[in-house]
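Hello,

Here is the structure I promised you. Please open it first, then read my notes below.

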Amino acid sequence: MQGSPVLRLLLRWVRRPLLPVMRLWRRNIQLKVVATTLLMSLGVVLLLGFVVIGQVRNGLLDAKVKASQSQATGGFAVAKQKSDETAGAGVDGAPVDGSNPQNVIEWMSELVSSLSSGGQGAFDVVTLPPGDDSGGGRGPRASGDVNPNKSVPEDLRSRINTSTGAAQSYTRIRYSNNNESQPALVIGKQLNDPNGDPYELYYLFPLTQEEKSLSLVKGTLATAGLFVVVLLGAIAWLVVRQVVTPVRMAAGIAERLSAGRLQERMKVTGEDDIARLGEAFNKMAQNLQLKIQQLEDLSRMQRRFVSDVSHELRTPLTTVRMAADVIHDAREDFDPVTARSAELLADQLDRFESLLADLLEISRFDAGAAALEAEPIDLREVVRRVVSGAAPLADRKGTAIRVLGDQQPVVAEADARRVERVLRNLVVNAVEHGEGRDVVVKLASAGGAVAVAVRDYGVGLKPGEATRVFSRFWRADPARARTTGGTGLGLSIAQEDARLHGGWLQAWGEPGGGSQFRLTLPRTADEPLRGSPIPLEPKDSRRNRGLDEAGLPRGSGEKSATVPVQPAAEQRSSARAPLAPRLSAIPPTADPTALPGNGARVVPRPASSGGATGAGAARRTAGTGPGTGPDTARQDEPRTASGETSGRKDAAHSGAPGRKDATADGPDEQGEAFRGR
């Protein structure tokens, strides 16, 4: 019955009207305080009322019992006296004949009448024969239309028959004329008639007046208690309102401050604690506004400086480039040291141009001038171009690039130039850090999203590195010289490119187990993302393979490989192709575990007017990418992959690895131009 649909429906039907009340109760502290005050006041008033009513009732009953006992004692004495007098003298001085019942009946009737005549409405008198004995005409007699048999309790008669003293009890007086019964106190005693036969004499004292007095006290207490409860509730409402109103005002102003309205302030009146709180709040808001204004001015100056310097450096850089080209072309006529210097000069000028192009792209994003030129594209073609461009670098590193999931078209509305720039960063970065192992590029589409994942089996990411990987100019190895590797801006700008599409750029990695970067884009430009077709953590991760962080099987002490076995470089170098053979024809489906979580939020930047064209490098060799610098990234990108944030630093998306005539002298330095960590 607990899980039956009928019970759940009934509970839902009962709970539905209570939801608004529960919501109001949770959100309104004033209601909580007033309701609590009313309940506590009501409890105190009820307790006090019960105590007072009990004391009044006991006092009224005690007074009534004392007065009734005094009246009954006097009546019993009078009845005994009359019995003794009648037994000592007959009518007209003749002795009483005990065999004449008519005389006893008349005497008993006269006794009831004479005893009740002194208390009209104050009490009634009843005489009853002992037990069931009604012989000799001695039946029950009563005054005031009282029904004697129903008005006197049987337990009281039993006590009187077994004792010689008076006894009392509470009862209800029943009338023979169908009048309404009323509570009463009955006091009785067994006496003897003139013939010496026992009979029972009872006094019935109505408690109507005491009941009315008690009802009046109850009504007075109820009225006074209700008035006190309402008054306490009103007082609590007024007192709490004086405290809650400034708090609500502060909450509203804090919400407006968080929305960017930094000029909002609290209204301060008086000099009490609430006034001091308001003054402190206003000072905090003023200081916060001042600091934010200073930071905005500083940020604006920095962006202006970067933009101005980047533009101003282009003219002298062009002149230096022309002179360096002349020197580089004539290096064969120089001595070896001068020729090598000419080659290094040309290489560093390539790097300088790449850095300058990146700075220009960052300045465009910071100024909000980046525009998205979205059109339907097939990501397979973009991946093929990226893989083909990275093939020379992969050959030098001994790495094979395999493409999976390219059997079906993967179409999305995107900017082909920006998407290609993002994927070039990811692929070249994977080749650089893959340590000669395979790099797998996987495409998938499902629902309203498309995704491209780049998987390498190299050094991976250490714990905590993923939280800084998209930072500008960040490197995984701080000891590495800045003169080698990329500009340090590639992944930051790639993340901003993904954000401009309304997509996600996320990363996963483990030390020694490689890493995987995933780019997720919506199929249409205005469609929000709800998930990714590719899980961020690959299936061949250590956790999915049942290994611990040290690469050992859980529950076993034997050492196990941390990455899948890779084919030898000699065996695969001859059979390498830009695109790997199709391994599966099964279309990928969306993985619910690929949903971004851990509190990550994505705020896509709306496209604004103005182009975002990158500046190309002056000289490039075969196998290098276009010279347009990638866009910058923000720090609040979705963060996943076992609590780590996504990302690794950029690859050389805009710089050339080196001139082909200089590869023999410094292949490592030229290869470092692609590094971004």
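Let me start with a definition: a residue is buried under 20% relative accessible area, exposed over 50%, and partly exposed in between, with a 1.4 Å probe and protein chains only. Arg385 has a relative accessible area of 41%, so Arg385 is partly exposed.

Some ground rules come next. This is a predicted model, where local features need pLDDT of at least 70 and side-chain atom pairs count only at pLDDT 80 or more, while totals for chains, interfaces and linings use all residues. Residues are numbered from 1 along each chain as its sequence is written, and side-chain values use heavy atoms, with hydrogens and water left out.

**The chain**

The chain has 14 helices and twelve strands. Both are DSSP runs numbered from the N terminus: helices are H or I with at least four residues, strands are E with at least two. Of the 677 residues, 42% count as buried. Contact means heavy atoms within 4.5 Å. Take the contacts in the chain with a separation of 6 or more: residues 24 or more positions apart account for 73% of them.

**Back to Arg385**

Arg385 sits in helix H10 (residues 379–397). Leave aside its neighbours within four places in sequence, and Arg385 is in contact with Ala416 and Glu420. Arg424 is 39 residues from Arg385 in sequence. In space the two are 9.0 Å apart, C-alpha to C-alpha.

**The cores**

A nonpolar core is a set of buried Ala, Val, Leu, Ile, Met, Phe, Trp, Tyr and Cys residues joined through side-chain atoms within 4.5 Å. In soluble globular proteins, nonpolar side chains tend to be buried together. Which residues touch the most other members of the largest core? They are Ile401 and Leu423, in a core of 40 residues. Helix H11 gives this core its largest share, nine residues. Beyond its neighbours within four places in sequence, Leu423 is in contact with Val382, Val383, Val386, Val452 and Leu519. A second, separate core has 19 residues, including Phe76 and Leu201.

**Helix pairs**

Axes are lines fitted to C-alpha atoms, for helices over the stretch in contact, and angles run from 0 to 180 degrees between N-to-C directions. Angles under 35 degrees count as roughly parallel, over 145 as roughly antiparallel, 65 to 115 as roughly perpendicular and the rest as oblique.

H11 (residues 416–433) packs on H12 (residues 490–500) at about 140°, with axes 9 Å apart. H11 is therefore oblique to H12. Among the residues that meet are Arg418 and Leu426 in H11, and Leu491 and Asp497 in H12.

H3 (residues 29–88) packs on H7 (residues 208–258) at about 160°, with axes 8 Å apart. So H3 is roughly antiparallel to H7. The residues of this contact divide into 20 nonpolar, seven polar and six charged. Here Ala, Val, Leu, Ile, Met, Phe, Trp, Tyr, Cys and Pro count as nonpolar, Asp, Glu, Lys and Arg as charged, and the others, Gly among them, as polar.

H7 also meets H8 (residues 273–329): their axes come within 11 Å and cross at roughly 5°. H7 and H8 are therefore roughly parallel to each other. Pro246, Ala250, Ile253, Ala254 and Leu257 of H7 make the contact with Ile274, Phe281 and Ala285 of H8. By class, that contact has eight nonpolar, no polar and no charged residues.

Best wishes
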